[in-house]
Amino acid sequence: MENNYDKEKIIEITNVLQEMGMPAHLKGFYYVREAILMVYSNENLLSHMMEDVYMPLAKRYNTSLHCVERVIRVAIENTWLRGNVDVIAKIFHNTIDGRKARPTNKEFIALLVDYMRIQNI
């Protein structure tokens with residue numbers, strides 16, 4: 001991670017992801033954590049996820065843009081299906097349509113950033 005990220009923020013994000021039940025052994029855990037850090041520091045990145053979030057991650061981890069998207073999607077899906085339901089409900093409330101299997105990558109990242117901002121008020 002880049003030096004300008006606040007270590008406290010990294011710890012906070014890590015704790016939230018672990019409380020939700022996102023397995024740390026998945027590559028997607030680290031991609032999601034870094035994506036949240038990026039969006040937390042600049043919410044405008046949400047407008048162009050592929051170019052502004054996935055592309056820098058792909059370059060950093062020497063992989064493809066589509067691999068980054070897929071790995072994040074799998075981590076979110078795994079968390080949504082096997083994670084801590086109580087923590088997920090506390091964070092996402094009724095913001096996600098219950099008829100869908102899981103939130104999109106963008107929704108997941110945006111809602112976690114919003115949750116973290118609210119917690120820090």
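How close do the axes of helix 1 and helix 5 come, and at what angle do they cross? They come within 7 Å and cross at roughly 125°. Axes here are lines fitted to C-alpha atoms, for helices over the stretch in contact, and angles run from 0 to 180 degrees between N-to-C directions. Helix 1 and helix 5 are therefore oblique to each other. On the scale used, angles under 35 degrees are roughly parallel, over 145 roughly antiparallel, 65 to 115 roughly perpendicular, and the rest oblique.

Who makes that contact? From helix 1, V16, E19 and M20; from helix 5, V87, I88, I91 and F92. Contact means heavy atoms within 4.5 Å. By class, the residues are 6 nonpolar, no polar and 1 charged. Nonpolar covers Ala, Val, Leu, Ile, Met, Phe, Trp, Tyr, Cys and Pro; charged covers Asp, Glu, Lys and Arg; the others, Gly among them, are polar.

Some ground rules. This is a predicted model, where local features need pLDDT of at least 70 and side-chain atom pairs count only at pLDDT 80 or more, while totals for chains, interfaces and linings use all residues. Residues are numbered from 1 along each chain as its sequence is written, and side-chain values use heavy atoms, with hydrogens and water left out. Helices (H or I, at least four residues) and strands (E, at least two) are DSSP runs, numbered from the N terminus.

Now helix 1 itself. It has 14 residues, which at 1.5 Å a residue should span 20 Å; the end C-alpha atoms are 20 Å apart, in agreement. The expected span is 1.5 Å times one less than the number of residues. Its buried residues are K9, I10, E12, I13, T14, V16, L17 and M20. Buried means under 20% relative accessible area, exposed over 50%, partly exposed in between (1.4 Å probe, protein chains only). Those buried residues pack against helix 2, helix 4, helix 5 and helix 6. After helix 1 comes G21, with a positive phi near 100°.

Take V16, in helix 1. V16 is buried, at a relative accessible area of 11%. Not counting residues up to four places away in sequence, V16 touches I91, L112 and Y115. V16 and L26 are 10 residues apart in sequence, and their C-alpha atoms are 16 Å apart in space.

On to helix 4, residues 65-82. Its 18 residues should span 26 Å at 1.5 Å a residue, and the end C-alpha atoms are 26 Å apart, which agrees. Which residues of helix 4 are buried? L65, C67, V68, E69, V71, I72, A75, I76, N78 and T79. They pack against helix 1 (7-20), helix 2 (27-41), helix 3 (49-60), helix 5 (85-92) and helix 6 (105-119).

T79 sits in helix 4. T79 is buried, with a relative accessible area of 0%. Leaving aside neighbours within four places in sequence, T79 is in contact with M20, G21, M22, P23 and I88.

Next, the core. The largest nonpolar core has 40 residues, and L17, M20, I36, V53, F108 and L112 touch the most other members. Helix 1, helix 2, helix 3, helix 4, helix 5 and helix 6 each give two or more residues to this core. Helix 2 supplies the largest share, 9 residues. A nonpolar core is a set of buried Ala, Val, Leu, Ile, Met, Phe, Trp, Tyr and Cys residues joined through side-chain atoms within 4.5 Å. In soluble globular proteins, nonpolar side chains tend to be buried together.

Look at V53. Leaving aside neighbours within four places in sequence, V53 is in contact with A35, M38, V39, L45 and H48.

P56 lies in helix 3. Is P56 buried, partly exposed or exposed? At 34% relative accessibility, P56 counts as partly exposed. P56 touches M38 and E51, residues up to four places away in sequence not counted. P56 and V74 are 18 residues apart in sequence and 19 Å apart in space, C-alpha to C-alpha.

A89 is in helix 5. At 42% relative accessibility, A89 is partly exposed. A89 and Y40 are 49 residues apart in sequence, and 21 Å apart in space, C-alpha to C-alpha.

Last stop, N62. Where is N62 found? In the loop between helix 3 and helix 4. N62 is exposed, with a relative accessible area of 73%. Phi of N62 is near 55°, positive in a residue other than glycine. Most residues other than glycine have a negative phi.
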